[in-house]
Amino acid sequence: MSRHLLGDAAMHQFITEGHVAVQADYPPLFHKTVYDNLESVIGEEGNPGNNILPRIPEIQQVYEHPAVAGALTSILGPGYLMHPHRYCHLNIPGSKGQNWHKDDYVFDQNVRRHRCRWVMAFYYPQNVTEEMGPTGVMPRTQYHNTISSNNAAEATEPAKALCGKAGTVSIVNFDSWHRATPNASDKKRYMLKFQFTRMQEPDSPSWHNEASVWHPANNDPHPDLSEAVWNWLSGNLALRKESNGHVNGYFDDLKHENESIRLNAAYALGAQGEKVVPILIDMIRTEGEVAAEAVTAKSSANP
């Protein structure tokens, strides 16, 4: 298994871009069998939803492939869990695609955190080109709660189509903005989406790690955030040294309308250590009081 673990470069890509692709390089006949079985099951029974795996058990072999299991181990650590929610996404010829969205966490809508504990693994059982309506992602926005527009025709962020040959498995940060793109071809596009979750906190790198410290990536919009995620995945939260820089501007930036600026300010302040805690507590208290005032109904009895 160790030779199939991701290296530092692939982990850098996953942390900053929000996705990485590997190959379940079984013979072409294997993937064709999965495709033909999908055609049969969905054509005769409709989409089985979570029951797609028991209906087509060969799919299990895809996620047990050494390259796929190695990548999942690298990101989620040993002992990760395949979640029982899974789905086959069929993108038919002529489809208009979807709007940009993030998936919900089953039974818990308040768990979006920068420390990635969940991923989606998208498997293609056939060759997928850009015109066939592959899954699209917005790289480097997985840490953002908002984007310019959910409407694909209006969004201004750069997007990437996750294309690939049969056997491609794209492992994507669960919080990535993604969508099915329009299928302009005459071919059906099947994609099997399975979810996986971490079961224990990292205490050491679970990938093929050679670099002891984070090396900032070019054009990373959130270098401090990425470094913090790398350190957490490495099992060493003490790697980041406290900064002694000026902090006043960061407090103002926490209120900035641009989410990217707010994120960078939060992580810059996090590097300041305990000295900023009293000010942050006062800011939270003030914000809470303002919010309470806003939701408290005013009446003649409660002026």
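User: How much of the protein chain counts as buried?

Analyst: In this predicted model, 45% of the 303 residues of the protein chain count as buried. The chain has nine helices and eight strands, and its C-alpha trace spans about 65 × 55 × 30 Å along its principal axes.

User: And which residues have the most contacts inside the largest nonpolar core?

Analyst: Those are Tyr63 and Leu192, in a core that has 48 residues. Leaving aside residues up to four places away in sequence, Tyr63 touches Val68, Ala69, Tyr80, Met82, Ala121, Tyr123, Val169, Leu192, Phe194 and Phe196. Apart from that core lies another, of 12 residues, which include Trp118, Phe122, Tyr124 and Val128.

User: Where does Leu192 sit, and what does it touch?

Analyst: Leu192 is placed in strand S8, which covers residues 189-197. Again not counting residues up to four places away in sequence, Leu192 touches Val34, Leu38, Ile52, Ile59, Tyr63, Tyr87, Cys88, Ala121, Phe122 and Tyr123.

User: Why is Leu192 called buried?

Analyst: Leu192 is called buried because its relative accessible area is 0%, and buried means under 20%.

User: Changing topic to helices: at what angle do H1 and H6 cross?

Analyst: The axes of helix H1 (residues 8-17) and helix H6 (residues 223-233) come within 10 Å of each other and cross at roughly 125 degrees. H1 is therefore oblique to H6, since that angle falls between the 65 to 115 range for roughly perpendicular and the limit of over 145 for roughly antiparallel. The crossing in which H1 passes H6 is right-handed.

User: Which residues make that contact?

Analyst: From H1 the contact uses Asp8, Met11, His12, Ile15 and Thr16, while H6 supplies Ser226, Val229, Trp230 and Leu233. Sorted by class, the contact of H1 with H6 has five nonpolar, three polar and one charged residues.

User: Is H1 mostly covered or mostly open, and what covers its buried residues?

Analyst: H1 is mostly covered, with eight of its 10 residues buried, namely Asp8, Ala10, Met11, His12, Phe14, Ile15, Thr16 and Glu17. The elements covering these buried residues include strand S1 (19-23), helix H5 (66-76), strand S3 (118-123), strand S6 (168-173) and H6.

User: What about H6, how many of its residues are buried?

Analyst: Eight of the 11 residues of H6 are buried, so H6 is largely enclosed by the rest of the structure. The buried ones are Leu225, Ser226, Glu227, Val229, Trp230, Asn231, Trp232 and Leu233, and what covers them includes H1, H5 and helix H8 (259-270).

User: What follows each of these helices?

Analyst: H1 is followed by Gly18, which has a positive phi near 90 degrees, and H6 is followed by Gly235, where phi is positive and near 75 degrees.

User: Which residues have a positive phi although they are not glycine?

Analyst: Arg140 is one of them, with a positive phi of about 70 degrees, and Asn219 is another, with a positive phi of about 60 degrees.

User: Where do they lie, and are they buried or exposed?

Analyst: Arg140 lies in the loop between strand S4 (135-137) and strand S5 (160-161), and with a relative accessible area of 22% Arg140 is partly exposed. Asn219 lies in the loop between S8 and H6, where Asn219 is exposed, with a relative accessible area of 71%.

User: Last one: what does Glu201 touch?

Analyst: Not counting residues up to four places away in sequence, Glu201 touches Arg117 and Trp232. Glu201 is in the loop between S8 and H6, and Glu201 counts as partly exposed because its relative accessibility is 43%.

Note on methods: Residues are numbered from 1 along each chain as its sequence is written. This is a predicted model: local features need pLDDT of at least 70, side-chain atom pairs count only at pLDDT 80 or more; totals for chains, interfaces and linings use all residues. Side-chain values use heavy atoms; hydrogens and water are left out. Axes are lines fitted to C-alpha atoms, for helices over the stretch in contact, and angles run from 0 to 180 degrees between N-to-C directions. Helices (H or I, at least four residues) and strands (E, at least two) are DSSP runs, numbered from the N terminus. Angles under 35 degrees count as roughly parallel, over 145 as roughly antiparallel, 65 to 115 as roughly perpendicular and the rest as oblique. A crossing is left-handed if the near helix is turned anticlockwise from the far one by less than a right angle, and right-handed if clockwise. Contact means heavy atoms within 4.5 Å. Ala, Val, Leu, Ile, Met, Phe, Trp, Tyr, Cys and Pro count as nonpolar, Asp, Glu, Lys and Arg as charged, and the others, Gly among them, as polar. A nonpolar core is a set of buried Ala, Val, Leu, Ile, Met, Phe, Trp, Tyr and Cys residues joined through side-chain atoms within 4.5 Å. Buried means under 20% relative accessible area, exposed over 50%, partly exposed in between (1.4 Å probe, protein chains only).
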